[in-house]
Each structure stands twice: as C-alpha cells, then as structure tokens.
Amino acid sequence: MNVKIFSKNNCIQCNMAKRFLNENHIPYEEVNIDSQPEMIDWLKEQGFQSVPVITSDAATVVGFRPDQLKQLAN
C-alpha cells in the first residue's frame, strides 16, 4: 500500500501520526510542507486546511486518528 503523510515542522499531531505509523510497521513517504511549500497549494486544492493529511490507496485520514490509521495496516 502506498501511504503518504503530509506534515510540517513542530506539528504535534504530525509527530504522533508518524510515531503511530512507525510503531505499526506501516511504511510511508513523508512530504514536509515547510521544506516543500509548493505542496501547500495542492493540499488546499484538495480541500485540506490542516496537517497531517495521510493518504493511501484505500483512504485519506486528516489529523491524528488512530482508529482510522489502523485501517491502513490491513
């Protein structure tokens, strides 16, 4: 499964989501919007106003939602 997390520096929810993914052995690609500001416009175009945004082939999760992130492990 192709999991991507959009995050930014000093974001507590982003850090918690990445920790959850790591602890559950879910591989992911991180896109940091502080180092890649061009991605902010893409996120806004998709209707997102905050990070973390975790996308996969199966679902999109906004914020730190362990109940929804568990579904990515399947």
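This is a predicted model: local features need pLDDT of at least 70, side-chain atom pairs count only at pLDDT 80 or more; totals for chains, interfaces and linings use all residues.
## Fold and dimensions

The chain has three helices and four strands. In sequence order these elements run β-α-β-α-β-β-α. The radius of gyration is 11 Å, close to the 11 Å that the globule rule gives for 74 residues, so the chain is as compact as a globular protein of that length. The C-alpha trace spans about 30 × 25 × 15 Å along its principal axes.

Contacts across the sequence are well represented. Of the contacts with a separation of 6 or more, 62% are between residues 24 or more positions apart.

## Surface and charge

Buried residues make up 35% of the 74 residues. The accessible surface comes to about 4,700 Å². Carbon and sulfur atoms supply 44% of that surface.

The chain carries 7 positive and 9 negative side chains. The centres of these two sets lie 7 Å apart.

## Ser7 in strand β1

Ser7 sits in strand β1, which covers residues 4-7. Its relative accessible area is 0%. The cut-off for buried is under 20%, so Ser7 counts as buried.

The side chain of Ser7 makes a polar contact of 2.6 Å with the side chain of Glu30. Beyond four places in sequence, Ser7 touches Cys14, Lys18, Glu30, Val31, Asn32, Ile33 and Val51.

## Lys18 in helix α1

Lys18 belongs to helix α1, residues 12-23. The relative accessible area of Lys18 is 14%. Buried means under 20%, so this lysine is classed as buried.

The side chains of Lys18 and Glu30 are joined by a polar contact of 2.9 Å. Glu30 also has the 2.6 Å polar contact with Ser7.

## Ala17 in helix α1

Ala17 is also found in helix α1. Ala17 has 0% relative accessibility and counts as buried.

Leaving out residues up to four places away, Ala17 touches Ile5, Pro52, Ile54, Phe64 and Leu69. Pro66 lies 49 residues from Ala17 along the chain, yet the C-alpha atoms of the two are separated by 7.8 Å.

Ile5 is one of the residues touched by Ala17.

Ser7 is buried in the model, at 0% relative accessible area. Lys18 is buried at 14%. Ala17 is buried at 0%.

How values were computed: Residues are numbered from 1 along each chain as its sequence is written. Side-chain values use heavy atoms; hydrogens and water are left out. Helices (H or I, at least four residues) and strands (E, at least two) are DSSP runs, numbered from the N terminus. The radius of gyration is taken over C-alpha atoms; the globule rule is 2.2 Å times the number of residues to the power 0.38. Buried means under 20% relative accessible area, exposed over 50%, partly exposed in between (1.4 Å probe, protein chains only). Contact means heavy atoms within 4.5 Å. Accessible areas come from the Shrake-Rupley method with a 1.4 Å probe; for residues, only the protein chains shown count as cover. Lys and Arg count as positive and Asp and Glu as negative; His and the chain ends are not counted. The place of a charge is taken as NZ of Lys, CZ of Arg, CG of Asp or CD of Glu. A polar contact is a pair of N or O atoms within 3.5 Å; within protein, one must be able to donate a hydrogen and the other to accept it, and residues adjacent in sequence count only if both atoms are side-chain atoms.
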